[in-house]
Structure formats: structure tokens, C-alpha cells
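Have a go at each task before you read its solution.

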Amino acid sequence: MEKVRRALNDSPAMRWAVLVLVGFVLSVNYYFYDAFSTLKDLLLKEFNFTNTDYGLFVSFYSIPNTFLLMAVIGGAILDRFGIRRTGFMFVFFMAFGALLTAYGASDYYSAGGPGYGLMASFLPNYSPELKMMLLGRFFFGLGAETSIVVVSKILVKWFKGKNLALAFGLKVGFGRLGTFAALQVSPVVAGGGPNLTTAVWLAAILVLSGLLAFMVYMLLDAKLDKQVALTTPTAAPEKFSFKDLGVILSNRPFIYIVLLCVTFYSAVFPFVSYAPDFFADKFGFTDVQSGRVTSLLPIGTAFFTPLFGFIIDRYGKSATAMILGSLIVLGVHLTFAYTMVSPYIPVIFLGIAFSLVPAAMWPSMVKLVKDSRIGTAYGIMYSVQNLGLWGIPLLAGIILDKTNPGNPLVADYTMTILMFAGLGLVGLLFSLLLKFEDKKKAFGIELPLNKK
Ligand SMILES: NCCCC[C@H](N)C(=O)NCC(=O)O
């Protein structure tokens, strides 16, 4: 039998190849998530959506993960059944949901295609188009979040002790590139309205190509497992037990990170879903201009997150990075709410915050949870985070409708943005508590990650 001296994950080239493959899966995931933010006005016009309908559509992504605890269940299934089976299933759901959403927005469906009659037969206050798109968004969210958990576990498998924070930074960077592309490409393809459906189909087809990329990754994963089995006696996968959940949930720094995760991301992702419309309404930008300024955020973070990850691998200071990032988010939203400063400046600062916190937060988990339970831990984080990603876009839409009675074309966003600032403030509090706890009990969150 051929003796394996080096496993696939010992080769830097293979590690980076894996990162590119799973990074692509993330890019298309984020592309689809964000492709609708520059189409908001068109959706309102074409399908008679209200701001609340739009908020509902954005937030439906999070329903399976929050209320059905799919990210936690997905994380536990992942720890139990492994990366290949679980990953394929969830990337498949993501692609199915994306195609269903595109179908719901298509002319063929609106003209009475399959399912139209059924969707028209209940809840008449919501259009059949909205209902089909909500169903698609539900499946997309179910698969998308859990597939991010899968990708996180893949990175721990290939990169632990070998530039893990850099790998996580690049992973986030791939996601941001997807958001950047969506903000740039979607409004151009939609062409101000006539090609709205094409813009949505393009997004769905990209997600489908992510499924193919994941299947290629599965081949590498199987090969690595075979090599590892030759050199290391394989332990049977540990069965999921509620005791494990209890252990994870009684870890105080973990809880602070989860709470920071929900407040920080709720102040950023839902903001991005409204940002193009906000820039258009407050600063008089066109759809394409506001898409462009919003897209500075993901493109900046695509470069800065890996850079901060690289620094954290070597020098640590993760808790401090989370405090600084939270402080910046608060300052940025107050600037948006109360000043007419050119949006380019706060967006750049938001990009720095949006790089610092993710670069520090996600890899910190390996300091708190053992590898065999990392899927469950990320699943818990994502489920709680999704509570914010569900509630906050909806709340933003409701505040927007309430503070702008009569649905004027140009809306006043002040109260909506102040709500985002409030979330930034609460996030800052949790990041301070995290640093305090780490100082008291020496969990090592401030230490470099490139240490065994
Ligand atoms: N695709 C947009 C929502 C992704 C949410 C995801 N749970 C997450 O937080 N990813 C980490 C990140 O920084 O993007």
C-alpha cells in the first residue's frame, strides 16, 4: 500500500484551491442574498410591493434558521454525518430556493404558470408573486445559512493552525465579492425595469453553478478523508447530545460573541438591504449610483477582512478588534442619521468595521469549542444571528412605512437609521463584556491564532 507522507491539507496549494472552490459557493450565495437590494424600487413598482412586503421578503431568509432552528440542527447534522452529505443537501436547498424565487418573479408564473392559482387562493392581501418568492426565499435561506456553517467547518478542517484567521478572512472576502457583484450587476441587468426578471434569473443560475463547485470540492474532501484514515486511527463521529449543547451554552464568552454577532450583523446586513434606496432618497442618487456607493462596502471588506485576519493570526487582539469595530458601526449610523456628510466617507468606515469584527469573531470560536462540536457552535451562532436578520429588515420596513405615511417615492430614513445605531450601541456593550471576561478567565481570545 502506498504510504501517505503528506495529506492533501498539508499542501498550501491544495488548501488555497479548496478555499477558492468553497469561496465560490459563498460568493453566489451572497450574490443572491443581495441581488434584490438595488431592485427594491422595481419590485415595488412591478409587483405593487410595500416597504413592509420588501422587508418581509428579505427577512424570510431567516425564518427556517431562527424559528425552525435549522442552522443549529444543520450544524448538529454536519457534526454527525460529515461535510459531504450535509453540504450537498444544503447547497442543493439553496439552489432550489433561488430557482423558485426567480420563478415567482417570472412573467411565465405571473401569466398563470403552475402554482399561481394555488398561491392566489389564500391570504389575498399578499400577491401570488410575493408568496412564491417568499417560499423560494425560505428554501434559499434554509440552505444558504447551513451551507455557510458547512464552509466554516471545511476551513477548520483544512486550515486549523495554518493561517485559519486569514482563511476565514478570505472566506468572508469571497462572500463580499458576491455582494459587490450583485450591487453592481443587478441594476445594470435590470435596466431600470424591463429586464427585472432576467436580473433575478441570473442570480438563481449563479447559485446553481455553486452546487457544481461544491460537488468538485466533495471529491477533494473524500480524498483527504481517505489519506487521514491511512495515517490516523479514525474515531467514530461523536453522537450529538443535548449535554454538548449545554456545555457550549454555558460558556460565557461564547454567549457574548453570539450576542455581539446578532446585534452587529443586524446593524449591517439589513442596512445593506436598504442602503441603495436610502442613498437615493437622502442624497438624490440614481439606482446605479447608489448601488455603486453601497458596493464600496463589500469590495473594501473583501480586501480588509483577510488583511485583518492575517494580523490576528500573528498578533491576536480579537476582542479589541471587536470593540473597535462595534464603536465604528455606532459612529457611522449616527453620521448617516444626523449629517449630510458624503456617504462615501461613512461607507468606508463601515467597511473597516465590517472587516474587523468578522475577521476576529468567527475564528475565535476555535478557542472556545472543540473541533468536533464546531458545526454545532457555528449553527447556534447563525440561528441566533438570523433572529436579527429576520426581525430587523422587517422592523426597518415597518418603521419606514410608519414614518412615511402614504408611501412617498422619497422616504425619510432618520428613524430607521437610528434603530441601526441602537443595535451598534448594544453590540459595543457585548464586545466590552467579552474582553472583560477574557481578561478575568484567560480564554486566550486576545492571543494570536497561529499557535497550537
Ligand atoms: N448572505 C448574507 C447573510 C449571511 C449571514 C451569515 N450567517 C454570516 O454572518 N456570515 C458571515 C459574514 O461576515 O458574512
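**Exercise 1. A residue in a loop**

Keep in mind that this is a predicted model. Decide whether asparagine 48 is buried or exposed.

*Solution.* 
- Step 1: The relative accessible area of asparagine 48 is 66%.
- Step 2: Exposed means over 50%, so asparagine 48 counts as exposed.
- Step 3: Now find its place: asparagine 48 sits in the loop between α2 and α3.
- Step 4: Check the backbone too. Asparagine 48 follows α2 and has a positive phi, near 60 degrees.
- Step 5: Leaving out residues up to four places away in sequence, asparagine 48 touches Leu43 and Asp53.
- Step 6: Tyrosine 126 is 78 residues away from asparagine 48 in sequence, yet their C-alpha atoms are 9.7 Å apart in space.

**Exercise 2. The helix before that loop**

Find which residues of helix α2 are buried, and what covers them.

*Solution.* 
- Step 1: Helix α2 covers residues 40-47, and its buried residues are Lys40, Leu42, Leu43, Leu44 and Phe47.
- Step 2: Look around these side chains. The cover includes helices α3 (51-60), α7 (107-110), α9, α10 (164-190), α11 (196-231) and α13.

**Exercise 3. A residue in helix α13**

Work out whether valine 272 is buried or exposed.

*Solution.* 
- Step 1: Locate valine 272 in helix α13, which runs over residues 252-283.
- Step 2: Its relative accessible area is 5%. Buried means under 20%, so valine 272 is buried.
- Step 3: Setting aside neighbours within four places in sequence, valine 272 is in contact with Asp34, Ser37, Thr294 and Leu297.
- Step 4: For a distance, take aspartate 371: it is 99 residues from valine 272 along the chain, and the two C-alpha atoms are separated by 33 Å.

**Exercise 4. Checking the length of a helix**

*Solution.* 
- Step 1: Among the buried residues of α5 are Met70, Val72, Gly74 and Leu78. The buried residues of this helix pack against α4 (63-66), α6 (83-104), α9 (128-159) and α17 (374-403).
- Step 2: Just past the end of α5, glycine 82 has a positive phi of about 90 degrees.

**Exercise 5. Around the ligand**

How many residues surround the ligand, and which are the closest?

*Solution.* 
- Step 1: There are 13 residues around the ligand, and the closest are Tyr30, Glu145, Arg176, Tyr265 and Gln385.
- Step 2: Start with tyrosine 30, where a side-chain N or O atom is 2.5 Å from an oxygen atom of the ligand.
- Step 3: Next, a polar side-chain atom of glutamate 145 lies 2.7 Å from a ligand nitrogen atom.
- Step 4: In glutamine 385, a side-chain N or O atom is 2.5 Å from an oxygen atom of the ligand.
- Step 5: The ligand on its own has 390 Å² of accessible area, and the protein covers 100% of that.

**Exercise 6. The nonpolar core**

Which residues of the largest nonpolar core touch the most other members?

*Solution.* 
- Step 1: This core has 144 residues, and Phe254, Phe279, Met361 and Met381 touch the most other members.
- Step 2: Helix α13 gives the most to this core, with 18 residues.
- Step 3: Another core, of five residues, lies apart from it and includes Leu100, Tyr103, Met119 and Met132.

Methods:
Residues numbered from 1 in each chain as written. Predicted model: local features only at pLDDT ≥ 70, side-chain atom pairs only at ≥ 80, totals over all residues. Heavy atoms only, no water. Buried < 20%, exposed > 50% of the residue type's maximum accessible area, 1.4 Å probe, protein only. Helix = DSSP H or I, 4+ residues; strand = E, 2+ residues; numbered from the N terminus. Contact = heavy atoms within 4.5 Å. Near = heavy atom within 4 Å. Polar contact = N/O pair within 3.5 Å; in protein donor to acceptor, adjacent residues only side chain to side chain. Areas by Shrake-Rupley, 256 points an atom, 1.4 Å probe, with all protein chains shown as cover. Core = buried A, V, L, I, M, F, W, Y, C linked by side-chain atoms within 4.5 Å.
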